[in-house]
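Visitor: I have a structure open and would like to learn how to read it. Could you walk me through a helix and its surroundings?

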Amino acid sequence: MSANEAPIDDRTIDQEIGARIRATREVLGVTQQLLASDVGVTFQQIQKYEKGINRVSAAMLVKLCQAMKISPMEIVGAYFPHERPSDDRLDWLQEKLLTAERKLAGVRRALRDE
């Protein structure tokens, strides 16, 4: 943290981590129910993680990332700006983003045509 940055409180970090888990899960097209089943918790627990109500332990973060086939740095990476994903990982992420954008465009077209 630089001298100009204010410290981030734990609650804010919990909420940001939860939001990143949710965003990643949604981009990958994984439901809360499926993710919960893969890591051995209820979908309500996944909701609480995603809203930052319950703190995600290091062990659970690893399980969630393994279930989504992502690196934990994709969730916590913003707190480590000196780290950078590999070019292969960036290509994979870009492809996932393009796929999500295509799906969204299809949904928009379907809604417009109704």
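Guide: Gladly. Contact here means heavy atoms within 4.5 Å. Helices (H or I, at least four residues) and strands (E, at least two) are DSSP runs, numbered from the N terminus. This is a predicted model, where local features need pLDDT of at least 70 and side-chain atom pairs count only at pLDDT 80 or more, while totals for chains, interfaces and linings use all residues. Residues are numbered from 1 along each chain as its sequence is written, and side-chain values use heavy atoms, with hydrogens and water left out.

Visitor: Which residues of H1 are buried?

Guide: Buried means under 20% relative accessible area, exposed over 50%, and partly exposed in between (1.4 Å probe, protein chains only). In H1 the buried residues are Asp14, Ile17, Gly18, Ile21, Thr24, Arg25 and Leu28. Down the axis of H1 they fall within an arc of 130 degrees, so they line one face of the helix; the arc is that of the directions from the helix axis to the C-beta atoms.

Visitor: What do the buried residues of H1 pack against?

Guide: Their partners are H2, H3, H4, H5 and helix H6 (87–113). Take Thr24, which sits in helix H1 (residues 10–28). Thr24 counts as buried because its relative accessibility is 15%. Beyond its neighbours within four places in sequence, Thr24 is in contact with Met68, Ile70 and Ile75.

Visitor: How many residues does the largest nonpolar core have?

Guide: In soluble globular proteins, nonpolar side chains tend to be buried together. A nonpolar core is a set of buried Ala, Val, Leu, Ile, Met, Phe, Trp, Tyr and Cys residues joined through side-chain atoms within 4.5 Å. Here the largest one has 18 residues, and Ile21, Met68 and Ile75 are among those with the most contacts inside it. H4 gives the most to this core, with five residues.

Visitor: Where do the charged side chains come in?

Guide: A salt bridge is a side-chain nitrogen of Lys or Arg within 4 Å of a carboxyl oxygen of Asp or Glu. By this rule there are six salt bridges. One of them joins Arg25 to Glu50 (2.6 Å, N to O). Arg25 lies in helix H1 and Glu50 in helix H3, so the pair ties together parts that are 25 residues apart in sequence. Arg25 counts as buried because its relative accessibility is 6%, and Glu50 is buried at 5%. Arg25 also meets Glu26 in a salt bridge (3.9 Å, N to O). Arg22, Arg25, Glu26 and Glu50 are linked in a network of salt bridges.
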